[in-house]
Amino acid sequence: MAASSAGVCTACTIFRLSGRYWFLRTFSYNNNFSSRNVQTTTLHCQSQPQTKRKTDPRKWVGVVGLEIHAQIHSNAKLFSESGVHFAAPPNSLVSYFDASLPGTLPVLNRRCVEAAVMTSLALNCTINKKSLFDRKHYFYADLPAGYQITQQRLPIAVAGSLTYNLLVRQKWNQVVTKTVRIKQIQLEQDSGKSLHDDTRSQTLIDLNRAGVGLMEVVMEPDMCCGEEAAAAVRELQLILQALGTCQGNMAEGQLRVDANVSVHQPGEPLGVRTEVKNINSARFLARAIDYEIQRQTDVLESGGWILNETRSFDYKSGRTTPMRDKEGLQDYRFMPEPNLPPLIVYDNKTVPAHADPQQVVNIDQIRERLPELPNVRRSRLVEQYGILPEHSFTLVNEDGLMEYFVSVARETKAEPRKIIGWIIKDLLGLLKQHSLNVSQSPISPMSMAELLNLLEAGTVSSSAAKQVFQELWKGAGSSASQIVQKLDLGLLQDRSTLEQICRTVIDSHQEEVRAIRGGNKKVLNKLIGLVQRELKGRADPVQVKTILEEKTL
Amino acid sequence: MSSKSLRFLIFSGSRSKLLLRPASPRCGVLRCPGGEFVAGGWSLRLCCRLHHTASTTDGSKTKVPQSPTWEPVSESQLPPVTRVSPDLVDRLERLALVDFRNQEGVARLEKAIRFADQLHVVDTEGVEPMDSVLEDRQLYLQQDCVREGNCAEQLLRTSRRTVEEYFVAPPGNIPLPERDERSSLLKNSEL
């Protein structure tokens, strides 16, 4: 394993200050600056004076490598012709080969090979024109054959890279681009599902998932904290969904991530790593990795050592617990798969003449058919609409939001930046509050566009527009203009009424006027608020402010 | 014999005599002395005499060499003998779930290892390892259609215990007992 070349990640560094306390700062996505004080009891008792440490603060840096299993989105399984569905009656999608009945042989599915090649091309990997299949032996009830067909010696693709973006929310919305190297991508079989029934001391086995094609993406340990890992996984999810090779739904088990976590001091060799399994979502991934780095640091600081083991993450408690019994390292006894010849993929130069097109997987043809990848999509949005890069991240990150934005932009003449402001702040905010997808939004792109057109035309003020927005959200079926008429939220055009109301407000709030004349400008906002309340927000705030300023000064 | 065929001998023939020298030289061609007595079509060639000559006067072309083309390997050419320790027996049992904890089993394993040690004599400099005879065949790629499945009933019939269309298995892997307990547990254990 290569040591991480970037050195210390600025987002999370563990400092040790003056002996007793040490802080762990983690920067999370939601703009929360959380700090934890951990008190380590030292051997020096309270009676002795606290000696100041003369040594430098010891920095422990986490090293994280991910192994991602992505279930290939295909009709049939990898080596048999039974179907692939999420929730089907138990053992109904199982063929004789999947149940490993004697006399059955594997036959490779073309779509799975294409999916692996597509993913490898999207991740800039070198595709091995010849790859080999192996058997990985271990005993478990959900692996009926006793071995899993995988590609260990010569996988289908090696040496790629995944570029992902980290949003660093400190004082500015800065986006940092990072790269993680991909060691290899290989095709392998999935195992069945086991339901543990502890009360009757038995396990129920469902083989519907056994034999489904998986792409295992092995990443080099270039990452240093949970946040980076979560961002990388999110980016990979978007890429796979854009390609159509995997639906990327972590909750349904279509994307499974195992993290290999270790800590070391910069410059020293890598520490002992532990594997963390049973992570069900990107959010839990960040928490699990951070917990594990924390735990390993605690152990090492207190003088212990880390065992090379597999740990399971419990999302309820946020902790990892050891999983496998203490057997030491598993020996998988890899052996070449005797029933499968080497897998050869071709490109335009090596395609044999008169070859059956059904039997030939052509890399160049697949490369031409690659759809638009997320980072290309982001730069296109920035270029086409002139929006800020971080907005394009949000647009591409949320499912369906980009399409929403494009439909609204098509219908309205408002500036894209304003549309973005409405979509990201107001619409997305409400969607998140009610835990809805973009597709479930009560406000259609048409209504949104209409509202923005009214705003542009000056028919409503911005504060009135927000009220209209709230009404639209309730989804009564009326359009924006209908709501404006019904609630009489049109912009107050008559300047004299405005002046009158301002005068009344000023007369009733002489104290505030004196404060403004005294130099306190902020009280003006309070008066503006009062005026707006009187007028139900129909006045143009800029106009109100100028009138009030005239009258008070 | 060539190195390739020697490997196959070991793959398939580990149950054969685990000796370094052949018991009797197998060579020659089985020939029926009187060809004119052979009836039409398939006929059993009853061998009357073993001939050590290389003649093929009845016109059949055979690729089997007339005399052994290999020489027995002497002990001095082989690497040192591998002894199978009780720890290794332990580990192998755990990995393969095969019970061979007696003198005969361990002796057989050691002989098999010795037989395979002959491979060390072969010079494989610059030779790509072959792991399948199918290496120059095309791997067949089938279309992505669903043509199998929906045979839950038949599959569940193969299992002794089922619960509502699920197969039943013991809870997790039952760990093998420790070595001291194991010797009392297993019948044929002599170690």
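1. What share of the 191 residues in chain B is buried? In this predicted model, buried residues account for 20% of chain B. The accessible surface of chain B comes to about 14,900 Å², and carbon and sulfur atoms supply 55% of that area.

2. Chain B contains five helices and five strands. Their order along the sequence is α-β-β-α-α-β-α-β-β-α. If one takes the contacts in chain B between residues at least 6 apart in sequence, 65% of them join residues at least 24 apart.

3. Strand E5 of chain B, residues 166-169, deserves a point of its own. In a regular strand, side chains alternate between the two faces of the sheet. On one side of E5(B) are B:Tyr166 and B:Val168, and on the other are B:Phe167 and B:Ala169. These four residues are all buried, so both faces of the strand are covered, given that buried means under 20% relative accessible area.

4. Within chain B, E5 pairs with strand E4 (residues 162-163). The two run antiparallel and are joined by two bridges. One of the residue pairs is B:Val163 with B:Tyr166, its bridge partner in E5(B). Two residues lie between the strands of this hairpin, and B:Glu164 has a positive phi near 50 degrees there.

5. E5(B) also pairs with a strand from the other chain. Strand E12 of chain A, residues 202-206, is antiparallel to E5(B), with three bridges between them. A:Leu204 has B:Val168 as its bridge partner, while A:Thr203 stands opposite B:Ala169.

6. The pairings belong to an open sheet of four strands in the order E11(A)-E12(A)-E5(B)-E4(B), with antiparallel pairing.

7. How many residues does each chain give to the contact? Chain B contributes 40 residues and chain A contributes 50 residues. The size of an interface is often given as the accessible area lost when the parts come together. Here chain B and chain A bury about 4,100 Å² between them, with 56% of it on carbon and sulfur atoms.

8. Polar pairs across the interface can be listed briefly. There are 20 residue pairs in polar contact between chain B and chain A, with both residues at pLDDT 80 or more. On the chain B side, the elements that give two or more residues to the contact with chain A are helix H2 (86-96), strand E3 (141-142), helix H4 (152-157) and E5. The salt bridges between the two chains number two. One of them joins the side chains of B:Arg91 and A:Asp331, at 3.3 Å from N to O.

9. A last point concerns a residue of chain A. A:Lys474 lies in helix H10 (residues 462-474) of chain A. Its relative accessible area is 60%, so A:Lys474 counts as exposed. From A:Lys474 to A:Arg369 the C-alpha to C-alpha distance is 43 Å, and the two are 105 residues apart in sequence.

Terms used:
Residues are numbered from 1 along each chain as its sequence is written. Chains are lettered from A and ligands numbered from 1 in the order in which they are written. This is a predicted model: local features need pLDDT of at least 70, side-chain atom pairs count only at pLDDT 80 or more; totals for chains, interfaces and linings use all residues. Side-chain values use heavy atoms; hydrogens and water are left out. Buried means under 20% relative accessible area, exposed over 50%, partly exposed in between (1.4 Å probe, protein chains only). Contact means heavy atoms within 4.5 Å. Accessible areas come from the Shrake-Rupley method with a 1.4 Å probe; for residues, only the protein chains shown count as cover. Two strands pair if DSSP finds at least two bridges between them. Buried area is the accessible area (1.4 Å probe) that two parts lose on being put together, summed over both. A salt bridge is a side-chain nitrogen of Lys or Arg within 4 Å of a carboxyl oxygen of Asp or Glu. A polar contact is a pair of N or O atoms within 3.5 Å; within protein, one must be able to donate a hydrogen and the other to accept it, and residues adjacent in sequence count only if both atoms are side-chain atoms.
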